[in-house]
Number of protein chains: 2
Amino acid sequence: MGENVGAAARAMKNFGLSELHLIAPRMEWPNDRAQMLASGAGDILAAAKIHPTAAEALAGFNLVLATTARGRDVLKEIHTPEAAARRLRAAASDGIRTALLFGGERAGLDNDELSLCDAVITIPTAEFSSLNLGQAVLLLGYEWLKSADTTPPVRTRPTIGVPAGRGELIGLFEHLEQELDAAQFFFPPAKREAMVRNVRAMILASRLTDQQARTIRGMIVALVRNKYRGKV
Amino acid sequence: MGENVGAAARAMKNFGLSELHLIAPRMEWPNDRAQMLASGAGDILAAAKIHPTAAEALAGFNLVLATTARGRDVLKEIHTPEAAARRLRAAASDGIRTALLFGGERAGLDNDELSLCDAVITIPTAEFSSLNLGQAVLLLGYEWLKSADTTPPVRTRPTIGVPAGRGELIGLFEHLEQELDAAQFFFPPAKREAMVRNVRAMILASRLTDQQARTIRGMIVALVRNKYRGKV
């Protein structure tokens with residue numbers, strides 16, 4: 001269906017895959033529905049090449065991995081999407097022409113088509129498994145991009161990621177504890193030490209920046225303001 | 001749109017996510033289009049809970065990560081989908097109620113909604129970035145499943161993965177080399193040794209099983225059959 005080819009083109013563009021080859025498409029081509037679903041990826045559709053058979057489509061490639069849901073019947077290595085992406089990326093870096101082959105919506109790839117491929121890929125799913133073409137392309141594209149992506153697993157904005165200086169934190173601790181002493185918050189007095197340790201741990205666990213430590217001190221000042229005003 | 005919610009439910013079911021909560025949906029509910037796109041995941045739609053606000057939807061959860069395309073504006077840790085899935089999986093294993101929060105199709109999540117979440121997730125993409133709700137749920141669901149998936153990166157069927165015994169291979173080498181000698185394939189004779197080494201390396205590189213080694217011997221027998229018949 002045109003929709004699936006459009007969604008596949010859009011998925012490709014999201015993850016840096018560029019060349020679309022269609023094998024014996026049963027739909028009209030060019031296809032309006034494909035164009036609609038591709039939204040910003042119209043250039044990929046416009047440059048798509050049509051081939052009558054898998055053999056002709058694959059002739060120009062040197063490493064071909066095929067997605068299939070029927071991993072058990074296959075006499076080849078079965079890769080996870082992640083392992084496949086790493087293998088393709090390594091080959092592409094050596095200038096080798098690599099391709100991913102996807103099956104049609106209903107039947108998938110037949111055994112003749114699979115026999116032209118170096119290895120197959122199965123996408124791990126729960127017991128329920130119902131991925132369409134666009135979704136399969138999306139997941140493989142995602143792993144392809146990830147295989148060269150250097151984004152750290154967890155990051156923060158550089159300006160907000162700097163933990164507060166100990167001096168700033170100690171200033172906050174002392175300011176807070178002084179006001180809590182004045183408010184007789186630590187009760188009974190014998191437990192003061194343990195309670196102070198708890199409060200300090202709580203503050204440290206929130207990994208404040210200097211600015212955030214100052215903000216909390218401002219909040220403390222604001223919270224006690226009326227209280228002192230009454231007494232002055 | 002109903003389609004997106006249906007696609008999200010189907011994506012969830014593929015990857016073992018089960019509870020769907022909808023925040024102030026603008027569509028009719030229950031929704032026919034959602035039902036159609038969900039195909040086998042109708043049970044997830046039927047059990048979906050509707051909440052008027054993000055605050056009410058999230059009240060029952062202890063760890064909430066939100067997807068956002070606008071990582072740069074956020075004063076929190078930014079996770080890759082993979083790191084987020086690992087964090088959620090670890091928490092869920094400890095019995096902690098975890099949630100993934102996704103934004104609406106157009107506007108995404110607003111800052112108020114993000115302020116209720118522990119951290120955010122951005123999906124790495126190419127410069128072109130246009131992922132809809134169903135696709136975002138698909139990718140996060142995929143990483144969720146992967147975070148507990150023990151499939152080896154590369155595998156073969158146990159019965160076909162066993163490399164041929166050396167005896168079987170040596171039998172093949174000697175059979176082939178004897179027929180090639182008879183056919184005067186190795187020429188000039190001074191190069192015979194190097195050529196034999198090449199052929200053996202080629203055969204070893206294809207990592208034959210016992211059965212495949214026997215198949216090749218059968219092919220050799222078949223290929224030379226007519227030749228000898230002429231002479232007998």
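Visitor: Which residue just after α8(B) takes a positive phi?

Guide: The model is a predicted one. Helix α8 covers residues 166–182 of chain B. Just after this helix, the residue with a positive phi, of about 55 degrees, is B:Q184.

Visitor: How far apart are the end C-alpha atoms of helix α8 of chain B?

Guide: The helix has 17 residues, and at 1.5 Å a residue it should span 24 Å. The model agrees with this expectation, because the end C-alpha atoms are apart by 24 Å.

Visitor: What are the edge strands of the open sheet of 5 strands?

Guide: The order of this sheet is β5(A)-β3(A)-β6(A)-β4(A)-β7(B), with mixed pairing. Each edge strand pairs on one side only. The edge strands are β5 (98–101) of chain A and β7 (154–155) of chain B.

Visitor: Which residue in β6(A) stands opposite A:H79?

Guide: Strands β4 (residues 78–79) and β6 (residues 119–121) of chain A run parallel and are joined by 2 bridges. In β6(A), the residue opposite A:H79 is A:I121.

Visitor: At what angle to β3(A) does helix α5 of chain A run?

Guide: Helix α5 (residues 81–93) lies across β3, β4, β5 and β6 of chain A, together with β7 of chain B. Relative to β3(A), its angle is about 160 degrees.

Methods
Residues numbered from 1 in each chain as written. Chains lettered and ligands numbered in written order. Predicted model: local features only at pLDDT ≥ 70, side-chain atom pairs only at ≥ 80, totals over all residues. Pairing = 2+ DSSP bridges. Helix = DSSP H or I, 4+ residues; strand = E, 2+ residues; numbered from the N terminus. Contact = placed C-beta atoms within 7 Å. Axes fitted to C-alpha atoms, helices over the stretch in contact; angles between N-to-C directions. Expected span 1.5 Å × (residues − 1).
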